[in-house]
Amino acid sequence: MHRSPADAPRTAPEPPHPAIPPARQPGLWDLFLACSRVGLSGFGGVLPLLRHFLVEERRLMSGADFNALLGLCQFLPGSNVVNLAVCVGARFHGARGAVVATTGLLLGPFLVMMALATAYGVWGHLAVVQDMLRGVAAAGAGLLFATALKMARNVPERWIYLPFAALILVALVILRLPLPPLMLALLGMTGLIAYRRARRAARLATTADTDS
Amino acid sequence: MALLADLFLQFSILTVVAFGGITAMLPELHRLVVEQRQWMDDTTFAHLFAIAQAAPGPNLLVVSLIGWKVAGIPGAIAATLAISLPMSLVIFFLYRHWERFRDAPWREAIQTGVAPLAVGLVCASGWLIGASAGLDLRGILLTLACTGLMLARGWHPLWYIGAGAAAGALGLV
């Protein structure tokens, strides 16, 4: 849920790393352990931990490199931490690295989930467990709304774009439309608006340049 | 086996339109597993979300729990693979060429276009979780209090999760 631009790692000025010396390349096992640690210690936000490990602790890539990869991973659909693990693993060890990094990231938390699922299977019917989970769901819903509002603050030209947020909300919650066609249709509209506005801004900028 | 294949296929389709991350996909997951396939009821869906919230790890793992509820451990594995594999393959073949697209106007247009839709989707996620959990007035007040405090103070999410669990155990919501 914490993928709003507000939470994105900041670009800090960093010492240049022109090339990664071979000695700094992590081994496959190293990569697995690092990703496991990141996955298991991430409560509500794995990205900052991954950045800390790669950029600050081990200096495997520069902050700018990390931000470029993150840009791709947030741009594409799917889970952006999994996408990022694929990029990072592939960068050091090709396909094997991608598999190892992703498995490392997901395996530990997956096992924890299965343990919790089993416990839920055994004790889930108890009234006190149901009450606690309802309380957590209420709090979790609150965190989701907070995330949405933070993301809304970062939307540029809100008067143009936020009506589309309302539109997709109504379509999903009230009309219960299936998401895939809805997403493609609305993204087509917002993307086209953004494209045309950027083109017009660029044209105005060049006219202003030739005028002066 | 047919159930596992259905689960895998549906979740694979879902992940390809998961612009805005997995959290933004909760409404579609809900529509699919509760309303359309009727693999579980509203309450169970809200419970699984709550468990995932309280556990460590990337938030896509809520789908592992959903898969587990549908078809046990094989279901959990199928669901997790379905959510992570398709885009992993795409990104594996794409990441080397990314630099070339970075400043392309269509890329920026899509990124600008996705942002407001993600806002609506995450909002819908919050709404559906609240509705599935069957919150009464006190539950809604807790939700709003968490929203307000998170925006105003920004404490670590675990505090809110813990407070929610405590409020539930004490019979306050």
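**Chain A against chain B**

Trainee: How much area do chain A and chain B bury between them?
Mentor: Chain A and chain B bury about 8,100 Å² between them, with 81% of it on carbon and sulfur atoms. Keep in mind that this is a predicted model.

Trainee: Which residues of chain A lose the most area to chain B?
Mentor: Phe43(A), Phe75(A) and Met113(A). Together they make up 9% of what that side buries.

Trainee: And how many residues are in contact?
Mentor: On the chain A side 86 residues, and on the chain B side 96.

Trainee: What about polar contacts across it, how many residue pairs?
Mentor: There are 12 residue pairs in polar contact between the two chains, counting pairs with both residues at pLDDT 80 or more.

Trainee: Which helices of chain A supply at least two residues each to that side?
Mentor: Helix 1 (28-41), helix 3 (63-75), helix 4 (80-123), helix 5 (127-153), helix 6 (158-173) and helix 7 (179-211). Helix 5 of chain A gives the largest share, 25 residues.

Trainee: How do the residues on that side divide by type?
Mentor: The side of chain A that touches chain B has 62 nonpolar, 17 polar and seven charged residues.

Trainee: How many salt bridges between chain A and chain B, then?
Mentor: One. The side chains of Glu35(B) and Arg176(A) meet there, at 2.2 Å from N to O.

Trainee: And how many over all chains?
Mentor: The search of the whole structure finds 10. One salt bridge in the model joins the side chains of Arg37(A) and Glu57(A), at 3.3 Å from N to O.

Trainee: What does that Arg37(A) and Glu57(A) pair tie together?
Mentor: Arg37(A) sits in helix 1 of chain A and Glu57(A) in helix 2 (residues 47-57), so the pair links parts that are 20 residues apart in sequence.

Trainee: Switching topic. Which residues does UniProt list as "transmembrane region"?
Mentor: The unreviewed UniProt entry lists residues 98-120, 132-152 and 181-198 of chain A. In the model, residues 132-152 are 100% helix, with end C-alpha atoms 30 Å apart. Residues 181-198 are also 100% helix, and their end C-alpha atoms lie 25 Å apart.

Definitions and conventions: Residues are numbered from 1 along each chain as its sequence is written. Chains are lettered from A and ligands numbered from 1 in the order in which they are written. This is a predicted model: local features need pLDDT of at least 70, side-chain atom pairs count only at pLDDT 80 or more; totals for chains, interfaces and linings use all residues. Side-chain values use heavy atoms; hydrogens and water are left out. UniProt positions are given in the numbering used here, feature names are shortened, and annotations may be inferred rather than shown by experiment. Helices (H or I, at least four residues) and strands (E, at least two) are DSSP runs, numbered from the N terminus. Contact means heavy atoms within 4.5 Å. Buried area is the accessible area (1.4 Å probe) that two parts lose on being put together, summed over both. A salt bridge is a side-chain nitrogen of Lys or Arg within 4 Å of a carboxyl oxygen of Asp or Glu. A polar contact is a pair of N or O atoms within 3.5 Å; within protein, one must be able to donate a hydrogen and the other to accept it, and residues adjacent in sequence count only if both atoms are side-chain atoms. Ala, Val, Leu, Ile, Met, Phe, Trp, Tyr, Cys and Pro count as nonpolar, Asp, Glu, Lys and Arg as charged, and the others, Gly among them, as polar.
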